[in-house]
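Please read them with the model open beside you.

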Amino acid sequence: MLEEGRISNRQAAFLVITTILSTTSIGFLPSMIYQEAAQDSWISILLLTVYGIVVGRIIMSLGMRFPDKTIVEYAEIVTGRIPGKIIGFLYVLFFLYLNTFPIRFFGELSITFFMPETPLVFFLIGIIFAAAYAVRSGLEVIARANEIILPVSLTIGIILAIMLFPQMEIKNFIPVLEKGILPVFKGTYVALVYFAETIVMVMFIPYLNTTRRTRGIIFKSFVVISLCELLAVVSTIAVLGELAARIPVPAIFAARLVSLAELIERVEPLFLLLWVIAVFVKVSVFYYCFVLATAQWLNLKEYKALVLPAGVLLTVLSVVLWGNIADLYEQMVKLVPYFVFVEAVLPLVLLVAACLRGKGGTAGEN
Amino acid sequence: MARNVFRRLLSLGRGREKNKSFSTCTSPAGTVKLSRDLAVNLNMIRDTLGNSMDVVVRELLVCRTRVALVYINGLINETALRENVMRALMIDMHNVEPSPGSGSKDLADSVKEKVLSIADVKKIGDFRTVLDGILGAGIVLFFNGEDTGLILKLPGFETRSVEEPHTETVVRGSREGFVEALSVNISMLRRRIKSPDLRLERMQVGGVTQTDICVAYIKGIVNTKLVDEVKKRLQRIDIDGVLESGYLEEFIEDAPFSIFQTVGNTERPDKVAAKLLEGRVAIFTDGTPIVLTVPYLYIESFQVSEDYYSRYIPGSLLRMIRLLCVIITAELPALYVAITAYNPEVLPSPLLISMASSREGVPFPAIGEILVMGVFFQILREAGVRLPRPVGLTVSLVGALVVGEAVVSAGLVSAPAVIIIALAGICSFVVPPQSDTNLLLSLFFTILAGFAGFFGLFLGFVLVLAHMASLRSFGAPYLSPAAPLSPGDLKDTFIRAPWWVMTGRPRVTGWKNTRRAGVVSSPSPPRNEEKKPAHRYKVDE
Amino acid sequence: MKIKLFLVFLILHLFVTGCWNRVELDRRAIVAGFGADKAEEEGKIQVTVQVVDAGEIKAIPLARGGSMMNAVTVYTGTGFTAFDAFRNLSMVVGEKLFLSEVRVLVIGEELAREGLDKVIDFYERDHEPNIRDYLIVVKGGEAKEVLETELRINKIWAYGIDSMVKTTMAHSKAPATEIIDFLKAVESKTTAPVATVIHVLRKGNEENAGEGKSNQDGTTAVQPKELKVSETAVFRHYKLTGWLDEKESRGLLWVTGKVKSGIIVVSSPEKEDKLAAIEIIRAKSKIKPEITDGNLIINIDVWEEGNLGEEQPDTMDVSKPIVLKELEEQKKTVIEDEISAAVIKAQELNADIFGFGEAVRRKYPREWKQLEDQWDEIFPTLEVNIAVDAKIRRTGKITKSAEPKP
């Protein structure tokens, strides 16, 4: 085994929650959803939750057929050597590429809101260095750090929402479904990628310390995700109304509006804290998946040697892939089908294939 | 990678002697048997111990046999020697019937059984034990014509009396603190835990110093693997001398390169008892009042014994205050730097303007101010600690008031910076086990904040958090019970739940025997006359 | 190993050469008030900033003498856009201007008529300014003039303006508009934005006032100039189109539910020439659009609660419920009057300052799709029903005023 650490079901659920929430609730997603679904974004969130649970079930069912293998390993068993290698490579690429979005976005956001004159690469190296340290220390360490980070981030998020409460206006949500249901679906579409990030579980399943009650991971984490997401989206819309569509990161914009008793103002560093710690977990998780998948794909005995090159690769890619922030947004929408294919369709195909060809056990399904 | 470089540097010093261990003495000793000839034995002693001025050899005649007493002056109880040994041998001996020396028994046996009114007497035959006995506060009796001697344990050296520990004073709770003598310390522990399951295993470390150490644990509560691991690590220690438990700590800790301590220490017997009851292992070292406890978790530094003795509500409040203080110590200076140099908008305007006005004309950047004042504060503290108390007070007074005031009024440092450093400094004393760690963290964060503002500061948090998450102390995750999360054990972290709620031992150390208290509901005045049978808590097994 | 060392050096390099954004607090020029005017040169913008002299703040004790009123310095500069003009100011100031502590954005009338889009975008886009600052339009004047006016209430004059705007809640004769409110109204297709209005009052003889800061002795009790916050500026999209006077302003606030406090003067029920003043304690409002037979009607429900604060001595006995009833009726008429004045003015200006359109959109989303595009034609002739429910709860410490016994 490449990884000796074991994580509990709770730790796995926590990782999934932070991974998904870090970009969706406090990141760019509320704005992207709002641009399409306007005041009905919350319906999109509910739809997305259903989607997330369905995809999560597929991924877990697939993974639990091979409870001691990752997708890179069992893809070969299910489809044969060459197609399996190709699928494995697809996932290696996927984990690398998807990670560049939050990294780059993190840099862009920090620059825009906090330090406009600082070069991008400074932020990227900072966050990747921290993630690399965690990845080198292993899955257990990421999971444990996240056990501190997630409650802290949720607390900060809730505090921010409470502080914004005086400025919320319920009328921003009316009328419901003003332009029909189509915009809601459109809003759902742009976020499909992020709600299927449970895909990281395909790399974690072999390292769970129990094979029992794994179904709960998906369900419980999506309950939390859904609630937090609603809190984020609802409070942003309630505070900003139609402004939300023009603002790439409505949550941080809303945070700037906090003004309590002329004493607590401009709390956005709190937001930066939230953003740094949450993105750190997300980046670490994908970084780890990438490194582990690569090591397995190449049949290496150790993944630690890959950490450094992977970090350099991530940094370089995050810088060169997009020229400016407009590029980044465009790509995010354009690439949705491809990502959804890797995250949801491919696991489904593998699951069906595994069932038909009778590969893997059904053990662990409760 | 830095760690590897460091390791390499360290290994340079070790050189070629790696395989050579420090054995006891360079002299004949070994497993040499005692001779029947008294003179030979005494010569051996003289050869081994040299002409040390404190070695006393007293020869006398007992029932026509030459007998020699060897002991080290000052280590033994002189009164007892006079009354129970010398007197017995020289006077009482003659009243013993049948007269010693006759019959089949050795003189040594007769003396041991009939003459010496001392509890701890052992027969010995080899020279190694003789030496250990003499050096370990014993009197050795040699009998001419016999190849066995007697060793009389009569420790009587000067020890400090039991006092209130200086490092961990409490308002409510035991006033006893450990002293330097191992036996006294162990007795204090034994007095608190009257269970037959309390195990005290003696070991010796230090090739030259032959320091006694004692591994204490409660059988049935402790995880036996943990005990084995502790003993294994202790046995691995190969050093000439152990003068303080700190030597052991550095040899057995899990993360020698970390700034976080992963071995706990205390000089309070009640605290050791509490740790043992949680399933931990304590290591006593002769010659120091500081006892080590393992495994050591981060949260333990917030747990003060008084929390458990005073009422739980103020106890919980104090826990949170301690946490706040740690945050202030480690992060306030960095926050100051990040705010003033990068993101001043977070301050309310009036505060910001008044800070700006006090910074007017200060020659250093914020980070310079903080570092200079921080170093200054540490110098003051160090000077105050090492000096005799009255002088120390003067130093702190002069330093704090005169220099601090002068520095501000001269415009070298702004007043807020002085306030920040003073506040952080005071807060660092609230959680003593962490004060050094927090100092380093504070420096680390301040430098990061100086280079990259809030981003640097938060990145520092993440790095430190990841580092702490990677630490383990004797198998226990350092951040437990927060990470890995063990919800039941959060009762004794940020708050201190009432005792009748904390019915289970902390899982991470006490999972072998989880039940600690029986009552689940809160205490209440009796509703009816009938009384519940009293519970008895005993360690099973 | 080499690559590791390389990485270490790379990171060190980054950290050592870091500090791009570091500006020490004493190197920042803290701006307290930001003003924008149309420059004399065609197509240019004139920006006025009020910079806090941090050093002056320190010399608080009045005993030491010195100028107690001058904790700020005002700089003015021009440029092609607001940002350009603002940056050009640095040439004069010599320190990095720091916009986060600005509390008021003052706009000269001329620029407001041309359009606020020339300022607002910079204000919203840049990372320093706060869009919760107050937006203030100078009626019949320039922002420069406002920011140059000495105020007694705060050594930092712009903060004085800020507290003047905050105090509008005591009289409710001007809205306290934050930039974000303005932006939200702009975002809406139909709602017309409003802004707080500030007046420059020139006291004493005109010559003296014209000289501005000439009388530096600081001993005169009467300031050469004073500021006054009242009335409302009405915009259509970004452009200023008209004003609401004090009465209409309060009418607007009644409808939007932003009346916090204020005095309503009514005539005594028994004697026409005697007056009574009623203090507003709290008020609520609701805009209820209604479509019946294709006709759009707007119903405005206002609920108000107040205490009798003053009456001019007469025979009125306010301990009698009947008298209070009459007072309530009077008050109701006054409020209705204020609201209808505001509505009429808004319809004259064809500016939906109340958000009637939004209310219709929320209640009748389907019908709204047709109405939306013709709103400009519909609004001026819209039928508006005003229903006021005014209460008097308490009458103060006394019942009757002192009066000579017959």
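1. Domain bounds here come from an automatic or database domain assignment. On that basis, chain B has domain 1 (38-153), domain 2 (182-296) and domain 3 (309-470). The centres of domain 1 of chain B and domain 2 of chain B, taken over C-alpha atoms, are separated by 34 Å. Keep in mind throughout that this is a predicted model.

2. Four strands form an open sheet in the order β10-β11-β12-β13 (chain C), and the pairing is mixed. Its edge strands are β10 (262-267) and β13 (383-394) of chain C, each pairing on one side only. From one strand to the next, the twist averages 40 degrees.

3. One strand pair in detail. β10(C) and β11 (residues 275-292) of chain C run antiparallel and are joined by six bridges. Which residue in β11(C) is the bridge partner of V265(C)? It is A277(C).

4. Helix α12 (residues 321-349) of chain C lies across β10, β11, β12 (295-311) and β13 of chain C. Helix α12 of chain C runs at about 145 degrees to β13(C). Helix α13 (residues 356-363) of chain C lies across β11 and β12 of chain C. The angle of helix α13 of chain C to β11(C) is about 45 degrees.

5. Now chain A, starting with α4 (residues 71-79) and α5 (81-113). α4(A) and α5(A) pack with their axes 7 Å apart, at an angle of about 150 degrees. Angles over 145 degrees count as roughly antiparallel, so α4(A) and α5(A) are roughly antiparallel to each other. Their crossing is right-handed.

6. The residues behind that packing can be listed. From α4(A) come I71(A), V72(A), A75(A), E76(A), V78(A) and T79(A). They meet R81(A), P83(A), G84(A), K85(A), I87(A), G88(A) and Y91(A) in α5(A). By class, the contact of α4(A) with α5(A) has seven nonpolar, three polar and three charged residues.

7. The axes of α3(A) and α15(A) come within 9 Å and cross at roughly 40 degrees. α3(A) and α15(A) are therefore oblique to each other. The crossing of α3(A) and α15(A) is left-handed.

8. Which residues of α3(A) meet α15(A)? They are V55(A), I58(A), I59(A), S61(A), L62(A) and R65(A). By class, the contact of α3(A) with α15(A) has 10 nonpolar, one polar and two charged residues.

9. On to the chain interfaces. Chain B gives 23 residues to its contact with chain A, and chain A gives 27. Helix α16 (residues 435-470) of chain B provides the largest share of the chain B side, 12 residues. That side divides into 19 nonpolar, three polar and one charged.

10. Chain A also touches chain C. The contact takes 21 residues from chain A and 19 from chain C. On the chain A side, the elements that give two or more residues are α5 (81-113) and α6 (120-137) of chain A. α6(A) gives the most, with three residues. The chain A side that touches chain C has 11 nonpolar, four polar and six charged residues.

Key. Residues are numbered from 1 along each chain as its sequence is written. Chains are lettered from A and ligands numbered from 1 in the order in which they are written. This is a predicted model: local features need pLDDT of at least 70, side-chain atom pairs count only at pLDDT 80 or more; totals for chains, interfaces and linings use all residues. Two residues are in contact if their C-beta atoms, placed from the backbone, lie within 7 Å. Ala, Val, Leu, Ile, Met, Phe, Trp, Tyr, Cys and Pro count as nonpolar, Asp, Glu, Lys and Arg as charged, and the others, Gly among them, as polar. Two strands pair if DSSP finds at least two bridges between them. Axes are lines fitted to C-alpha atoms, for helices over the stretch in contact, and angles run from 0 to 180 degrees between N-to-C directions. Angles under 35 degrees count as roughly parallel, over 145 as roughly antiparallel, 65 to 115 as roughly perpendicular and the rest as oblique. A crossing is left-handed if the near helix is turned anticlockwise from the far one by less than a right angle, and right-handed if clockwise.
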